[in-house]
Amino acid sequence: MVGSAAEQARAAAELFIESTAGAAAARGQALVALSGGSTAPGLYAALREQPVRGKVPWDKVHLFMGDERCVPVADPRSNWGVAMRELLPHVPVPEEQQHPLQGDADDPLREAARMGVLIRELAGNPPRFDLVLLGLGLDGHLLSLFAGVETSALRGEQSLVRPAAAPLSVEPKVARLTFTPFLLLTARTVVLQVAGAAKAEVLARALKGPEDLVACPAQWLRRASGRVVVIADEAAAKGL
Ligand code: 6PG
């Protein structure tokens with residue numbers, strides 16, 4: 001449990017260093033899925049400052065986005081757009097190791113398939129990310145895995161990335177592209193960052209409520225085979 005937003009970001013940045021350095025040493029590359037939402041800018045700020053920046057093997061890091069809003073990258077709602085403004089100008093990740101989902105692709109299904117092929121090329125068999133960073137939605141979503149629509153995952157879906165419609169209750173009201181639960185299940189480390197009293201009930205439901213993966217997709221975390229780290233502030237953790 002951590003106190004301030006800055007402490008939360010620093011804790012996530014430490015895990016970023018540890019995962020990427022370990023992966024680079026073991027396998028010569030580190031595959032990281034960044035997250036959208038409110039916690040990303042704080043992490044980017046922590047990563048671009050010294051001494052953190054100097055401890056990450058950026059030349060070995062491949063950056064992806066775990067889910068993307070279907071808007072052009074210049075749109076303020078684009079998750080990759082935030083990384084482009086707040087992280088990428090400050091850290092030396094080679095351009096060919098930056099792998100955004102094209103939110104404005106004409107054919108989202110084809111874009112999802114393209115990314116799936118790329119991930120399979122880079123991430124081994126079965127494909128494993130070294131680090132997947134996540135926020136938690138108020139309705140229990142992770143990535144863009146929204147409540148009520150995850151039946152294909154329960155049937156053993158093997159696709160890695162797919163288009164998703166956002167329910168009307170979730171902002172912004174635009175379609176998404178998202179990693180599927182498969183990549184959560186295989187990731188070596190998954191880090192969930194949650195802050196604020198408004199998330200307390202859903203965090204408790206995600207971690208220890210009765211299992212219902214359709215109603216609360218965040219419960220996929222419980223099936224992850226790798227390490228799962230939850231970084232929550234006091235207000236968010238009060239139901240645990
Ligand atoms: C997005 C995200 C989404 C987010 C959660 C939590 O595109 O919005 O990828 O999954 O991480 O909704 O967001 P907050 O931290 O902003 O509540």
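What is the handedness of the crossing of H1 and H2? The crossing is right-handed. The points below place that crossing among the other elements of this structure, which is a predicted model.

1. Helices H1 and H2. Helix H1 covers residues 5-27, and its axis comes within 8 Å of the axis of H2, with a crossing at roughly 60 degrees. At that angle H1 counts as oblique to H2. From H1, the residues Ala9, Arg10, Ala12, Ala13 and Phe16 take part; they meet Gly42, Leu43, Ala46 and Leu47 of H2. Sorted by class, the contact of H1 with H2 holds seven nonpolar residues, one polar and one charged.

2. Helices H2 and H4. Helix H2 (residues 40-48) also has H4 beside it: the two axes come within 10 Å and cross at roughly 30 degrees. Because angles under 35 degrees count as roughly parallel, H2 is roughly parallel to H4. This crossing, too, is described as right-handed. On the H2 side the contact involves Pro41, Tyr44 and Arg48, and on the H4 side Val82, Ala83 and Glu86. By class, the contact of H2 with H4 has four nonpolar residues, no polar ones and two charged ones.

3. The sheet. In what order do the strands of the six-stranded open sheet run? The order is S4-S2-S1-S5-S8-S9, and the pairing is parallel. Strands of a sheet pair through backbone hydrogen bonds, either parallel or antiparallel.

4. Strand S2, residues 61-65, pairs with S4 in the parallel sense over two bridges. Within this region, Phe64 stands opposite His99 of S4. Helix H4 (residues 79-86) lies across S2 and S4 as well as strand S1 (30-34), and runs at about 140 degrees to S2.

5. Which strands do the buried residues of helix H8 pack against? They pack against strand S8 (189-194) and S9. Helix H8 spans residues 200-208, and its buried residues are Ala200, Val202, Leu203, Ala204 and Ala206.

6. Pro57 sits in the loop between helix H3 (52-55) and S2. Is Pro57 buried or exposed? Its relative accessibility is 17%, so Pro57 counts as buried. Apart from neighbours within four places in sequence, its contacts are Thr20, Ala21 and Ala24. Thr20 is 37 residues away from Pro57 in sequence, yet the C-alpha to C-alpha separation is 6.7 Å.

7. Gly37 belongs to the loop between S1 and H2. With a relative accessible area of 42%, Gly37 is partly exposed. When neighbours within four places in sequence are set aside, Gly37 is in contact with Arg69 and Asn79. Gly137 lies 100 residues from Gly37 in sequence, and the two are 8.7 Å apart in space, C-alpha to C-alpha.

Methods:
Residues are numbered from 1 along each chain as its sequence is written. This is a predicted model: local features need pLDDT of at least 70, side-chain atom pairs count only at pLDDT 80 or more; totals for chains, interfaces and linings use all residues. Side-chain values use heavy atoms; hydrogens and water are left out. Two strands pair if DSSP finds at least two bridges between them. Helices (H or I, at least four residues) and strands (E, at least two) are DSSP runs, numbered from the N terminus. Contact means heavy atoms within 4.5 Å. Axes are lines fitted to C-alpha atoms, for helices over the stretch in contact, and angles run from 0 to 180 degrees between N-to-C directions. Buried means under 20% relative accessible area, exposed over 50%, partly exposed in between (1.4 Å probe, protein chains only). Angles under 35 degrees count as roughly parallel, over 145 as roughly antiparallel, 65 to 115 as roughly perpendicular and the rest as oblique. A crossing is left-handed if the near helix is turned anticlockwise from the far one by less than a right angle, and right-handed if clockwise. Ala, Val, Leu, Ile, Met, Phe, Trp, Tyr, Cys and Pro count as nonpolar, Asp, Glu, Lys and Arg as charged, and the others, Gly among them, as polar.
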